[in-house]
Amino acid sequence: PDVQDHPSFISADAAYDAREIRQYNRKRRIKSNIPVNRRSRTHPKRGRPYGFDPELYKKRSAIERFFSWIEAFKKTTPRFERYEHSFLGLIRPVCAMMIWRILG
């Protein structure tokens, strides 16, 4: 089986806008969707601008909101499960509880 040990695409916030991070991703053939952080630059970047897809970035914020949503359940937050099915076994009941609370 073709097992990939790293992602092929990363979408991160502007705090990750650093030359070292972009070079690291480029060397490993990982595409980056990181907005330019203008506050951290003393000199404007010259040359071709970095690629940035705002529509794809909106999907990232939906995932961030989901994880902040499940942080209401403190037992699931600090856990680092080894297997995906173990993690999903924790997340599914949390999602069911949150939906049950919303729908009343």
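Student: In this predicted model, is Trp69 buried, partly exposed or exposed?

Tutor: The relative accessible area of Trp69 is 31%. Buried requires a value under 20% and exposed a value over 50%. Trp69 therefore falls in between and counts as partly exposed.

Student: How is the aromatic pair of Phe66 and Trp69 classed?

Tutor: Phe66 and Trp69 both belong to helix α2, three residues apart, about one turn of the helix. Their ring centres are 6.4 Å apart, with 55° between the planes. Planes under 30 degrees apart would count as stacked and planes over 60 as edge-to-face, so the pair of Phe66 and Trp69 is tilted.

Student: Is Arg60 buried or exposed?

Tutor: Arg60 is placed in helix α2, which spans residues 54-70. Leaving out residues up to four places away in sequence, Arg60 touches Ser11, Ala12 and Asp13. Because its relative accessibility is 15% and the limit for burial is under 20%, Arg60 counts as buried.

Student: Over which ring does the charged end of Arg28 sit, and how far from its centre?

Tutor: A charge counts as sitting over a ring if, for Arg, CZ is within 6 Å of the ring centre and within 35 degrees of the ring normal. The charged end of Arg28 sits over the ring of Tyr24, and its distance from the ring centre is 3.6 Å.

Note on methods:
Residues numbered from 1 in each chain as written. Predicted model: local features only at pLDDT ≥ 70, side-chain atom pairs only at ≥ 80, totals over all residues. Heavy atoms only, no water. Helix = DSSP H or I, 4+ residues; strand = E, 2+ residues; numbered from the N terminus. Buried < 20%, exposed > 50% of the residue type's maximum accessible area, 1.4 Å probe, protein only. Contact = heavy atoms within 4.5 Å. Phe/Tyr/Trp six-rings, centres within 6.5 Å; stacked < 30°, edge-to-face > 60°.
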